[in-house]
Amino acid sequence: MATAARDNTKPGRLLLVDDDVHLLDSMSSWLREQGYFCLTARSCATALEQLRKEQFDLVIVDIRLGDDDGFDVLAWVRQNRPELMVVLLTGYGTVETGIEALRAGAFDLLTKPLIDEELEMSIQRALSQNRVLVENQQLKKQLDLRFGLESIVGHDHRMQRVYDLVDRIADTRATVLITGESGTGKSLLARAIHRRSSRRDQQFVEVACGAMPEALLESELFGHAAGSFTGAVGEKIGKFTHADKGTIFLDEIGTASPTLQVKLLRVLQEFSFEPVGSTKTIKVDSRVILATNEDLSEAVADGRFRQDLFYRVNVINIELPSLRERIADIPLLAAHFQAKTCEEAGRVADGLTDETLQAMQRYNWPGNVRELQNTIERAVLLGRGNKITLEDLPPQIAAGQPVNLDQLSGKALKEAMSVPERAIILEMLENNRWNRNATADALGINRTTLYKKMKRLGIDKLPQAQH
């Protein structure tokens, strides 16, 4: 095999593969004279060995390699080095061969005897394409690092602290617990952390723990063996396995059962587990992000959440503020959602009237950012003009629901905020004839959150709640 010293100033690193030693020597000598770095191989096995050891920009391989086949080299490259260009050579060029080569993923097919200019042109085109792909990959990574938080809008000082914390912890393996009311953007923040980490090219797997029956959640997370329970007709790969080398996001973790909490504790400590009904231990390298709208410290005190698991998940806590705590961000968020909805609907965004913004800033927003987004989308799609007016808002938002400060005098903030929150939920329940699913949708929150709020505010004890 011919060798050459590496020269980083050359335009490309080539691997030439052909069982015709005279053609191989002649072609490699000519290409080196043109300034390319070349290594050569006379068999499929030698070529694959070189590919495993060296970095190349282009592979030029003959289709017929004695008892081997150049398509085998092409298949290995497509599987293991998909960014690498491959040019196939053949002494028996036909239209069918060309179609087969392109379908298999070859960049080009050249027919022997080779013409110097044709070979040079094919190499330059392949190397140019390779540079474009590499530049695109690098640009994507830069954009991911720079704009991972583009969906989380806000200038409030609380949000600035969130952005700063995300930048500092995104590329660590530390477990992150995101807390905040429903609708504050916990899922978006989890995705932003993933996108700003070195795992960004791997899987981001989201599991809504509160939306799944306890009996199925363990199987969903860890997988199961065939026959492990009724209906388990085959083996199932769990979400933790899918998230190997990537990130898994466990939403509503406060709803996890005691049994599941034990298994989660082990996963977070050892990153290993057994699928349901299996004795095989699986090890994973998954970044774990969790979220809850509950106060887990209270859940620990009540005996509903394991203390050792709480300490394990609470390594880094990011608390997202409610929308009513950052009302200065409402104009910015509203403009963002209006522009996004108008772009999708093919309409022109012309902002919101001052009266509309003032009413929105007086409103309590129990559904937080999610409710605001739903409100703006509805206003854009149902509104008559390009500018959002008071008439485009739901009545309770247009009214602004101003808080009577005389009634709230002397009350703690949490107690004070419960007054308008209770009134809003009661009104929405009555508007929806006490249909909890419809009420949750109207408020922009999930049903579990609505039940918890009704219980906390004493609404579940009212006669209509039994209907």
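Tutor: S1, helix H1 (residues 21-33) and S2 form a β-α-β unit that is right-handed. This is a predicted model, and the description below is of that model. The two strands of the unit, S1 and S2, run parallel and are joined by 5 bridges. One of the pairings involves Arg13, whose bridge partner in S2 is Phe37.

S2 is mostly covered, with 5 of its 5 residues buried. Phe37, Leu39 and Ala41 point one way from the strand, Cys38 and Thr40 point the other way, and all are buried.

Next comes helix H2, which spans residues 44-53. Its buried residues are Cys44, Ala47, Leu48, Gln50 and Leu51. Seen down the axis of H2, these fall within an arc of 160°, so they line one face of the helix. Ala45, Arg52 and Lys53, on the other side of H2, are exposed. The cover over the buried residues of H2 includes both strands of the unit, S1 (13-17) and S2 (37-41). It also includes strand S3 (58-62), strand S4 (64-65), strand S5 (68-69) and helix H3 (70-80).

For context, another part of the chain holds an open sheet of 5 strands in the order S9-S10-S13-S8-S14, with parallel pairing. Strand S9 (204-208) and strand S14 (316-319) stand at the edges with a single partner strand each, so one side of each has no neighbour in the sheet. The twist from one strand to the next averages 20°. S9 is joined to strand S10 (residues 247-251) by 5 bridges, and the two run parallel; within this pair, Glu206 has Phe249 in S10 as its bridge partner. Helix H6 lies across strand S8 (176-179), strand S13 (287-292) and S14, and runs at about 150° to S14.

Asp156 is in the loop between helix H5 (116-147) and helix H6 (157-169). Its relative accessibility is 10%, so Asp156 counts as buried. Apart from neighbours within four places in sequence, Asp156 is in contact with Glu325, Arg326 and Asp329.

Where pLDDT is low, the predicted coordinates should not be read in detail.

Definitions and conventions
Residues are numbered from 1 along each chain as its sequence is written. This is a predicted model: local features need pLDDT of at least 70, side-chain atom pairs count only at pLDDT 80 or more; totals for chains, interfaces and linings use all residues. Side-chain values use heavy atoms; hydrogens and water are left out. Buried means under 20% relative accessible area, exposed over 50%, partly exposed in between (1.4 Å probe, protein chains only). Helices (H or I, at least four residues) and strands (E, at least two) are DSSP runs, numbered from the N terminus. The arc is that of the directions from the helix axis to the C-beta atoms. Contact means heavy atoms within 4.5 Å. Two strands pair if DSSP finds at least two bridges between them. A crossover is right-handed if, with the strands pointing away from the viewer, the path from the first strand over the helix to the second runs clockwise. Axes are lines fitted to C-alpha atoms, for helices over the stretch in contact, and angles run from 0 to 180 degrees between N-to-C directions.
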